[in-house]
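I opened my notebook today to look up a few spots in a structure. Here is what I wrote down, entry by entry.

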Amino acid sequence: MVEKNKISEYITFPRTFENYKWYKPILVFIIALIIYILLNSLITMIFGKVYGWDVIYSIDIGGYEALNTAVGEIYTDLGIIVAIPSIFIASKIVKDRPFSSYSSSRGGWNFKLYFKSLIIPLIMLLIFEVLTLGEAEGTNHFTITFLIAALITVPLQCIAEEYVYRALFMQTFGSWFKIPILAVILQGIIFALSHGYDNLGNIEVFIFGLGTGFLAWKTNGLEVGAALHTANNLFITLTVMFGLEVTSSTTTLTDALIVIAFDILVFIVIYFVGTKTNWFGEIEKPQNET
């Protein structure tokens, strides 16, 4: 049960529900994984029929370079987005806790907080891009269809990853060990290893995962970290679309250090603004959930 007018600790939140058992998150993960595989198979079949199996095969083996095309971006994003319904259905089958508890310990997902939290990272990313902009590295892939699809699928893809890593994994570790910082670190490691970059790229992703995990911990929900994740990935998608950048599975030491330094700066600014000025104070009173 959630005590009225009291915001629970997000990372250890699953333990507050009467139906909680230590093994139930494992069941949720297994069932969600099965559903996820089935939905991805369906997406692959549909895209294979529409675009041809050669195109899908080239995307599957192309790594992150496949995101330089509209079809590759949409196909890849959809393959991640289906994690949300997978976890939702699995949680309903296992009946461990309400799905809203994956979103926050404040009574579910707060859209106002999410959209408000997009402002700072988008402004900082725009400034960063202007300061570091050199010669165009890629090919202009802009189309209205690509733009509209990116504006829809990229945010959902980022939110889906937050549900997987900062909700399912981090809350599971938190419910087991009751040590929030350990849960933040463990999910960050899994987040990095699951992305398939080189060693430098994995370090970048690990730092990013730590930051978004920390924000989920301190804001008692996914919205702020999801907004930062959305701003980052959407900005990358748009610069790739216009040929300003290209996506790659490898990175250089200089690029990695710049990205890590910038990410840390963004996290610091967001956390400072959120704690000192209550800029992220758009929280809802928690609901009584059973």
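**Entry 1: C158.** I looked up C158 and found it in helix α8; helices here are DSSP runs of H or I with at least four residues, numbered from the N terminus. The model is predicted, so I noted that local features need pLDDT of at least 70 and side-chain atom pairs count only at pLDDT 80 or more, while totals for chains, interfaces and linings use all residues. Residues are numbered from 1 along each chain as its sequence is written, and side-chain values use heavy atoms, with hydrogens and water left out.

Is C158 buried or exposed? C158 is buried, with a relative accessible area of 0%. (Buried means under 20% relative accessible area, exposed over 50%, and partly exposed in between, with a 1.4 Å probe and protein chains only.) Leaving aside neighbours within four places in sequence, I found C158 in contact (heavy atoms within 4.5 Å) with A226, H229, T230 and N233. I also checked L234: it sits 76 residues from C158 along the chain, yet their C-alpha atoms are separated by 9.1 Å.

**Entry 2: L125.** Next I went to helix α7 (residues 119–132), where L125 lies. L125 is buried too, with a relative accessible area of 9%. Its contacts beyond four places in sequence are A231, N232, F235 and F262. L125 and F235 are 110 residues apart in sequence, but 7.3 Å apart from C-alpha to C-alpha.

**Entry 3: α10 and α11.** How do helix α10 (residues 199–219) and helix α11 (residues 223–241) pack? I read an angle of about 150°, with the axes 7 Å apart. (Axes are lines fitted to C-alpha atoms, for helices over the stretch in contact, and angles run from 0 to 180 degrees between N-to-C directions.) The two are therefore roughly antiparallel, a label for angles over 145 degrees. From α10, F208, T212, L215 and T219 meet V224, G225, L228, H229 and N232 in α11. Just after α10, N220 takes a positive phi of about 55°.

**Entry 4: the core.** Last, I looked up the largest nonpolar core, which has 49 residues. (A nonpolar core is a set of buried Ala, Val, Leu, Ile, Met, Phe, Trp, Tyr and Cys residues joined through side-chain atoms within 4.5 Å.) I87, Y102 and Y163 touch the most other members, and helix α8 gives the most to this core, with ten residues. A second, separate core of eight residues includes F47, I56, I59 and V82.

Technical notes
Parallel < 35°, antiparallel > 145°, perpendicular 65-115°, else oblique.
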